[in-house]
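We will walk through a few stops, and at each one you will know what to pick and what to look for.

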Amino acid sequence: MTRQRRLILELMQQSPRHMTADEIFAKARAQMPSIARGTVYRNLKLMEQAGEIGRLEMPDGPDRFDKTAACHGHLYCDQCGELQDIPVVGLVREIEGAIGTEVRSYQLTIHYLCPNCRQHNSH
């Protein structure tokens, strides 16, 4: 693992957010001024292909990257764009029971209004 790749992974693991490639690049550049944008993008792609991280296609903006490669769902706020992980083990088990076979992978994004946006809209 290169220094650049280790830095990218550490930045992702330290962040509570699902960051875009540009956000990861900005944070990496602050710690390693010589790192190139192409290096960050290339490493994110390699890390995704290796199953080390996940990539989330976003409906209204750039893709975001997930430090958790294991299958799980996401809540996406349609107003502010907040994205957070949610466990869906029970749902997956129900689907497996309904179809009679194992679910090998999935992408589940539930669109909603987060509590902050709901509260803001009620005023």
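One definition before the first stop: a residue is called buried under 20% relative accessible area, exposed over 50% and partly exposed in between, using a 1.4 Å probe and protein chains only. What you have open is a predicted model, in which local features need pLDDT of at least 70 and side-chain atom pairs count only at pLDDT 80 or more, while totals for chains, interfaces and linings use all residues. Residues are numbered from 1 along each chain as its sequence is written, and side-chain values use heavy atoms, with hydrogens and water left out.

**Stop 1: strand 3**

Select residues 73-77, which form strand 3; strands (E, at least two residues) are DSSP runs numbered from the N terminus. Five of its five residues are buried, so strand 3 is largely enclosed by the rest of the structure. Now show the side chains. In a regular strand they alternate between the two faces of the sheet. Here Gly73, Leu75 and Cys77 point one way, and His74 and Tyr76 the other way.

**Stop 2: the strands beside it**

(Two strands pair if DSSP finds at least two bridges between them.) Click Tyr76 and look across to its bridge partner in strand 4, Leu83. The hairpin has five residues between the two strands, and Gly81 takes a positive phi near 85 degrees there.

Next, select 108-112 for strand 5. Strand 5 runs parallel to strand 3, joined to it by five bridges; Leu108 is the bridge partner of Gly73.

**Stop 3: the largest pocket**

Select Gly54, Ala69, Ala70, Tyr106 and Gln107: of the 17 lining residues, these are the closest to the centre of the largest pocket. Its volume is about 250 Å³. (A pocket is an open set of points on a 1 Å grid over the protein atoms alone, where a 1.4 Å probe fits, with protein on both sides within 12 Å along at least five of seven lines; lining residues have an atom within 4 Å of a point. The volume is the space filled by probe spheres set on the points, which are joined across faces, edges and corners.) Strand 1 (54-56) supplies the largest share of the lining, three residues.

**Stop 4: the cysteines**

How values were computed: Helices (H or I, at least four residues) and strands (E, at least two) are DSSP runs, numbered from the N terminus.
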